[in-house]
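Hi everyone, thanks for making time today. Let me bring the sequence and structure up on the screen, and then we can walk through a few features together.

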Amino acid sequence: METVLYELHFRWGDLPILLIPLLVGIGFWAVSCRLDRASGAGKDLTTPAQRDLSRSKGVKWFLRGIALLCGAVFLLSGAAYVADYTALKTRYEAGEYLTVCGFVEDLTVAEYPEKGGDSFTVDGVPFAYTHTDLTLHGYRKEAQNGGIITREGQYLVIRYVPDPDTETNHIVYIAEQGSP
C-alpha cells in the first residue's frame, strides 16, 4: 500500500518573493510623487540660486521610469511563473510523466541550503532540488527544512517530468511504500 507524501500543488509561499519588484516600483513612484510636491513648495527669493535636483522634472521622470520598469519585471516574472507552473500541471494531469520506483541512494543533504540543495538517485535517476529555486515547480523541500526524503534506503515511488532545457527532473508526486 502506498502512502502519498507529496503531489504537485501551487506554492503560495513564492508570491512574496515575486512581489519584490512591484514593491520596489511602488517605492520609486512614491518618491517621484513626493519630489513633485516638494518642487511646488514656496520659493524664497532672498536666498541665492542653488541647484536643487528635487525640482528637476528629469529626476522625477527618471524615477517614474524605474518604477514602470519594476512593474514590467513584476508582470513578466509573475506571468512566467504562472505559465511554467500551469504547463507542468497540464503535463502531469495528462499523464506525461515518468515513474521510477526504488530505494533512495546517494542522498546528499545540504548543510546550508542557500549554497545548494539536496540530491539523491532512485533506480539510477538523479534528482536535485532546493527551496530557493523558483524555476523548480515540483517538490523542493530539503530534509533540513522538514522534507520528505531524509535517509537512504527509503522505498519511494516518484513521478517526475524531465525538463530537457535545464536537465532537471521536476518531481510531481512522491509516495512511500514498504519495500517489495
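Here is something to start with: which side chain meets that of Glu96 in a salt bridge? The partner is Arg91, with 3.7 Å from N to O. Please keep in mind that this is a predicted model. Now, how much of this pair can be reached from outside? Glu96 has a relative accessible area of 47%, so it is partly exposed. Arg91 is partly exposed too, because its relative accessibility is 33%.

That pair is part of a set, as the structure holds three salt bridges. Let's go to another one, between the side chains of Glu93 and Lys89, also at 3.7 Å from N to O. Both residues sit in helix α3, four residues apart, which is about one turn of the helix. Glu93 counts as exposed, because its relative accessibility is 59% and the cut-off for exposed is over 50%. Lys89, at 33%, counts as partly exposed.

And then there is Arg140 with Asp14, whose side chains meet at 2.6 Å, N to O. This pair links distant parts of the chain, 126 residues apart. Arg140 belongs to the loop between β4 and β5, while Asp14 belongs to the loop between β1 and α1. Are these two buried or exposed? Both of them are buried.

Let's stay with helix α3 for a moment. It covers residues 57-93, 37 residues in total. From its first C-alpha to its last, α3 reaches 53 Å, close to the 54 Å expected at 1.5 Å a residue. Several of its residues are buried, among them Leu63, Ala67, Cys70, Tyr81, Tyr85 and Tyr92. Just after the helix you will find Gly95, which takes a positive phi of about 80 degrees.

Now for the strands, with β5 as our guide. On one side of the story, β5 runs antiparallel to β2, residues 98-108, and six bridges join them.

One last stop: what does Glu167 do in the hairpin of β5 and β6? The hairpin has four residues between its strands, and Glu167 takes a positive phi near 55 degrees.

Note on methods. Residues numbered from 1 in each chain as written. Predicted model: local features only at pLDDT ≥ 70, side-chain atom pairs only at ≥ 80, totals over all residues. Heavy atoms only, no water. Helix = DSSP H or I, 4+ residues; strand = E, 2+ residues; numbered from the N terminus. Expected span 1.5 Å × (residues − 1). Buried < 20%, exposed > 50% of the residue type's maximum accessible area, 1.4 Å probe, protein only. Salt bridge = Lys/Arg side-chain N within 4 Å of Asp/Glu carboxyl O. Pairing = 2+ DSSP bridges.
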